[in-house]
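Biologist: Hey, can you walk me through this one? I'm new to reading structures.
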Amino acid sequence: MPNPRRKLSRSKRDKRRANWFAKISTANMIECSNCGETKLPHHVCPNCGYYRGRAIYTPGSEA
Ligand SMILES: [Zn+2]
């Protein structure tokens, strides 16, 4: 049967998840074109509120 031979230890399992977390937190970040802060691609910058050269919101003044 195509099954894992033995149960993965907590240590093995957690090490795998630690690597996965490092990948999503670093490789999936870009620099904001307006302020240079790191942000997620295709998202409004959380620091300056800019996306594609336009101000979507001004930080600090939103409701
Ligand atoms: Zn920005």
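Predicted model: local features only at pLDDT ≥ 70, side-chain atom pairs only at ≥ 80, totals over all residues.

Biologist: Okay. Which residues coordinate the zinc ion?

Modeller: Cys32, Cys35, Cys45 and Cys48 do that through their SG atoms, at 2.2 to 2.3 Å. Along the chain, these donors follow the spacing C-x2-C-x9-C-x2-C.

Biologist: And why is the arrangement called tetrahedral?

Modeller: Because the angles between the four donor atoms around the zinc ion run from 107 to 112°. To count as tetrahedral, all angles have to lie between 85 and 135 degrees. For reference, the ideal tetrahedral angle is 109.5 degrees.

Biologist: What about Cys35, is it buried or exposed, or partly exposed?

Modeller: Cys35 has 33% relative accessibility, so it counts as partly exposed. Cys32 has 6%, so that one is buried.

Biologist: Switching topic: where does His42 sit?

Modeller: His42 is in the loop between strand E2 (38–39) and strand E3 (50–51). The relative accessible area of His42 is 67%, so it's exposed. His42 also has a positive phi, about 60°, although it isn't a glycine.

Biologist: How accessible are Asp14 and Arg13?

Modeller: Asp14 is partly exposed because its relative accessible area is 39%. Arg13 is at 30%, so it counts as partly exposed too.

Methods. Residues numbered from 1 in each chain as written. Heavy atoms only, no water. Donors = N, O, S within 2.8 Å, 3.2 Å for Na, K, Ca; no water. Tetrahedral: all angles 85-135°; square planar, octahedral: opposite > 155°, others 65-115°. Buried < 20%, exposed > 50% of the residue type's maximum accessible area, 1.4 Å probe, protein only. Helix = DSSP H or I, 4+ residues; strand = E, 2+ residues; numbered from the N terminus.
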